[in-house]
Amino acid sequence: MKQYLLSVHTVEGEPGLSDEDTQIMFRETDRVGNEMQAAGVWVFAGGLLPADSATVVRIERGTTTMSDGPFAETKEHIAGFWVIKCADLDEALVWAEKCAAACMGPVEVRPFDELSNA
């Protein structure tokens, strides 16, 4: 079985969900997570605080520096994720579709490096 990261994205500057839609999203993501656990594909999941809560740690020429995040200068940030194990990409994409519907937003699917699963 391969492992896949299903990452949920938010786009800076786009309107956020209403309080009502946020509660629906929480219920739906819980439902999908429970469905993943029942199907035996769920490994781990978590939501993340906004990107501006990040701290970036760098080591340059032996000196460690820490700065406010996010690291990437982008408008799109990871808001949460699932790690799942599936037979193949097609199965992971089926789960990603359910996750995107539950989160009301885009979900990126990325396989783990084979060496990290050894």
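**Ground rules.** I number residues from 1 along each chain as its sequence is written. Because this is a predicted model, I keep local features at pLDDT of at least 70 and side-chain atom pairs at pLDDT 80 or more, while totals for chains, interfaces and linings use all residues, and side-chain values use heavy atoms without hydrogens or water.

**Fold.** I looked up the secondary structure, taking helices (H or I, at least four residues) and strands (E, at least two) as DSSP runs numbered from the N terminus, and found 2 helices and 6 strands in the chain. Their order along the sequence is β-α-β-β-β-β-α-β. The C-alpha trace spans about 45 × 40 × 20 Å along its principal axes.

**Helix pair.** I then checked H1 against H2, residues 89–103: their axes come within 8 Å and cross at roughly 160°. Axes here are lines fitted to C-alpha atoms, for helices over the stretch in contact, and angles run from 0 to 180 degrees between N-to-C directions. The two helices are therefore roughly antiparallel to each other, a label given to angles over 145 degrees. In this contact (heavy atoms within 4.5 Å), H1 contributes Met 25, Glu 28, Thr 29, Val 32, Glu 35, Met 36 and Ala 39, and H2 contributes Trp 95, Lys 98, Cys 99, Ala 102 and Cys 103.

**Backbone.** I noted a positive phi, near 50°, at Arg 61, which sits in the loop between strand S3 (55–60) and strand S4 (63–68). With 83% relative accessibility, Arg 61 counts as exposed, where exposed means over 50% relative accessible area, buried under 20% and partly exposed in between (1.4 Å probe, protein chains only). Met 104 also has a positive phi, near 60°, and lies in the loop between H2 and strand S6 (107–111); at 38%, Met 104 is partly exposed.

**Largest pocket.** I used a 1 Å grid over the protein atoms alone, on which a pocket is an open set of points where a 1.4 Å probe fits, with protein on both sides within 12 Å along at least five of seven lines, and lining residues have an atom within 4 Å of a point. The largest pocket holds about 1000 Å³ of space. Of its 37 lining residues, Val 8, Thr 10, Met 25, Ala 79 and Gly 80 are the closest to the centre. The largest share of the lining, 8 residues, comes from H1.

Definitions and conventions:
Points joined across faces, edges and corners; volume = space filled by probe spheres on them. Parallel < 35°, antiparallel > 145°, perpendicular 65-115°, else oblique.
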